[in-house]
Amino acid sequence: MILIKNGRIYCGLYSGFEKCDLLISDNLIKDIKKHGYFEYLLCDNKEIYVINAENLIICPGFLDLHVHFREPGYEYKETISTGSRAAISGGYTQVCCMPNTMPPIDSSFRLSQQLEIISSNAFCEVLPFVSMTVGRLGKNVDLDFLKCLNNFAGISDDGGSVENDQLMEKICRFSVENDILISAHCELSKSFPKKESEFEYLQRDLILVEKYRCRYHAQHISCVESLNLITQAKYDGLPVTCEVTPHHALISNEQIADVGEFKMSPPLRSEFDRKNIVENMLNGTVDAIATDHAPHSKYEKSLGYYKSLNGVSGLECAFAVLHTGLVVSGIMSLQRLIFLMTQGPAKILKKPEFSSELGIKIGARANLTIIDEHKVWKVNSEKFFSKGKSTPFNNQIVVGKVVGAILNGKIMDIFPN
């Protein structure tokens, strides 16, 4: 058993925090007491590990809907082991990995291979997305493969797009028949990297969502036009959700330097777009924060802004940079930030344990993140567990740090100093 004493427990988006003791047993949150200290347990001869969480925050484990762990095929960039270790060090107990591996996760055999690697090597829970189309080429879909799948988060061609209208309509129809989440990388190749590439693709898809009422999630939204479309779709009652990244919420294209650390897809937008992203995080249009953790080798990110590959590493500093840029600055409450990193994404995946309006609750699985909101430290990407060391936040002084995590009732003790 584990007893966490004197922590400030996250009680939900609108309920704030309350100082409590929390008891973990058999991988579950067994009890929560506001004034009792479980002294009877400490007096017994039972094995119990006590954590003094004075001045620390205890919240549900972070959940990232969008990471790239590269395995199989690109192990020189990242592996399930290094990526999930980076995740748990950043407070993420669950992550969803995209299927743009080599080969892509587009068959039952390839999914089973990846699940075997996850079972053997992962430091956190890794939920795969499978490829929406064969080979992620956007040309054909294998419905028989998708129908027989288990243990996956949804379907996505992330890194690629389904630009064929008839094929996308077929996918939407199949999705609603089988209650499968579509997670869409909105990008028309003919107009990339302009904003039209994103919002025109999204506009096409939302017409299909209105027709079929399929569950549709828009990835890494970057511009005001897309946010306006999603706002209207939600007003119309469509089953639409969206995510934004820390870098799109905190950095604009006015800050771009000629280095690979600022190269990502979608690209950084204007300061007007960035401010609208934050506004929509506050008003509820944005459902979740996802890092789009996309590691590359040092060489692939050393070629300057235009020649470097798209993607940055984000798992290990996401909370800190968001807390510094939004909470410490007084723009956002800490409970809303936690909501966007925990309950928001859990609702999208229909994960019941943390998807209610309440925060930590008795009977839920003991997946927890422990935060020191006052810790001041410097982001040093060379100390990342991830193989990817490229981040636009490198060398920034930040306030707030993940100092511990509990995964299925087990204390994870692999955090960097």
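P103 is found in the loop between β7 (92-97) and α3 (108-121), and a cis peptide bond with omega of about 5 degrees joins M102 and P103. Welcome to a short tour of this predicted model, in which local features need pLDDT of at least 70 and side-chain atom pairs count only at pLDDT 80 or more, while totals for chains, interfaces and linings use all residues. Residues are numbered from 1 along each chain as its sequence is written, and side-chain values use heavy atoms, with hydrogens and water left out. Helices (H or I, at least four residues) and strands (E, at least two) are DSSP runs, numbered from the N terminus.

**Backbone features to check**

- As a reminder, most residues other than glycine have a negative phi, and most peptide bonds are trans.
- Another cis peptide bond joins S265 and P266, with omega of about 0 degrees; P266 lies in the loop between α8 (246-250) and α9 (271-283).
- N55, in the loop between β4 and β5, has a positive phi of about 70 degrees although it is not a glycine.
- H220 is not a glycine either, yet has a positive phi of about 25 degrees; its place is the loop between β11 (216-218) and α7 (224-235).
- For accessibility, buried means under 20% relative accessible area, exposed over 50%, and partly exposed in between (1.4 Å probe, protein chains only).
- N55 is exposed, since its relative accessible area is 54%, whereas H220 is buried at 3%.

- Strand β1 (residues 2-12) has nine of its 11 residues buried, so the rest of the structure largely encloses it.
- Two strands pair if DSSP finds at least two bridges between them.
- With strand β2 (residues 16-25), β1 runs antiparallel, and eight bridges join the two.
- A hairpin connects β1 to β2 through three residues, and I2 has I24 in β2 as its bridge partner.
- Strand β4 (residues 49-52) pairs with β1 in the parallel sense over four bridges, with I4 standing opposite I51 in β4.
- Strand β5 (residues 57-60) also pairs with β1 in the parallel sense, over two bridges; here I9 has I58 in β5 as its bridge partner.
- In a regular strand the side chains alternate between the two faces of the sheet.

**Salt bridges**

- A salt bridge is a side-chain nitrogen of Lys or Arg within 4 Å of a carboxyl oxygen of Asp or Glu, and by this rule the count comes to 18.
- D21 forms a salt bridge with K5, the closest N and O atoms being 4.0 Å apart.
- This pair links distant parts of the chain, with D21 in strand β2 and K5 in strand β1, 16 residues apart.
- D21 counts as buried at 2% relative accessibility, and K5 is buried with a relative accessible area of 15%.
- D106 and R110 meet through their side chains in a salt bridge of 2.6 Å, N to O; D106 is buried at 10% relative accessibility, while R110 is partly exposed at 28%.
- K298 and E382 form a salt bridge whose closest N and O atoms are 3.7 Å apart.
- That pair also links distant parts of the chain, 84 residues apart: K298 is in the loop between β13 (288-289) and α10 (304-307), and E382 in the loop between β14 (368-378) and β15 (397-407).
- K298 is exposed, with a relative accessible area of 59%, and E382 is partly exposed at 48%.
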